[in-house]
Amino acid sequence: MPAKGKHRRPKHHAITRKLALAGTGGAALTLPLISATSAGAVQTTTAPTAQTAAPAAGAATPTTYSVVAGDTLSEIAAEHSVSGGWKQLYAANRSVIGDNPSIIRPGIKLKLGTQTETARASRSAARPALKAAAKPASAYPNNLDGWIRESLDVMAKHGIPGSYNGIHRNVMRESSGNPMAINNWDINAKNGIPSKGLLQVIDPTFRAYHVPGTSQNSYDPVANITAACNYAAARYGSIDNVNGPY
């Protein structure tokens, strides 16, 4: 008797045979031949819908920026590669900025247009370094122009009136712009309290009208200017109204 199963005609699995027959005839369908032992290979592929599809890498997304103290439109536009620069940024946000593009309030949110996720993440990580590089160690130059501008900012915080031209005019008359100028010949000098500094302030006046946050040294340019302007505001209404010895 031949060995069991030897020369026996192999049986085709029902699934295999059925799928194979689907390919007979003149117009055959292309169907996979699968056996029962490879059933794990059967996969159902569903095309992603618009709702479930993941966003493509680098897809553009709308983005905004929240303004912090010290920001300018030109810096923001440069750091975030805003197309059209600060002018385009201003045009897109004029309703929240107002009529003056040089004044932007901390906390307002600016529309920057669109960015790719990759670009946005890269710029967000680099922003602290960019801000540090963009900001100078001091906002004011160490010269008469810088001293006046810094004084005006201090005065604005304390409600002291005065303009750049009014201060500059009086400084040039009183000291010619020399912060170490001192008058050793007039009646104040004879009384032991000479006039000092850019706006020739005597020590009692300096102490009485000293503005908090500035130096206690009457020769300090910013301290001297702000104290003198504070005094002029109390006596004349503003340093702008002073056109001679005061």
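The entries below follow the order in which I looked things up.

Entry one, aromatic pairs. I kept in mind that this is a predicted model. Looking for rings of Phe, Tyr and Trp whose centres lie within 6.5 Å, I found that the count comes to two aromatic pairs. For Tyr209 and Tyr231, I noted ring centres 5.4 Å apart and planes at 70°, so I wrote this pair down as edge-to-face. I then looked up where the partners sit: Tyr209 belongs to helix 8 (residues 203-209) and Tyr231 to helix 9 (residues 221-236), so the pair ties together parts that are 22 residues apart in sequence.

Entry two, the second pair. Tyr231 also pairs with Tyr246, and because the centres are 6.0 Å apart with the planes at 35°, I listed this pair as tilted. I recorded Tyr209, Tyr231 and Tyr246 as one aromatic cluster.

Tyr209 has 26% relative accessibility and counts as partly exposed, while Tyr231, with a relative accessible area of 13%, is buried.

Is Ser195 buried or exposed? I located Ser195 in the loop between helix 7 (187-190) and helix 8, and its relative accessibility of 7% makes it buried. Leaving aside residues up to four places away in sequence, I found that Ser195 touches several others, among them Ala181, Ile182, Asp186, Gln200 and Val201.

Terms used
Residues numbered from 1 in each chain as written. Predicted model: local features only at pLDDT ≥ 70, side-chain atom pairs only at ≥ 80, totals over all residues. Heavy atoms only, no water. Phe/Tyr/Trp six-rings, centres within 6.5 Å; stacked < 30°, edge-to-face > 60°. Helix = DSSP H or I, 4+ residues; strand = E, 2+ residues; numbered from the N terminus. Buried < 20%, exposed > 50% of the residue type's maximum accessible area, 1.4 Å probe, protein only. Contact = heavy atoms within 4.5 Å.
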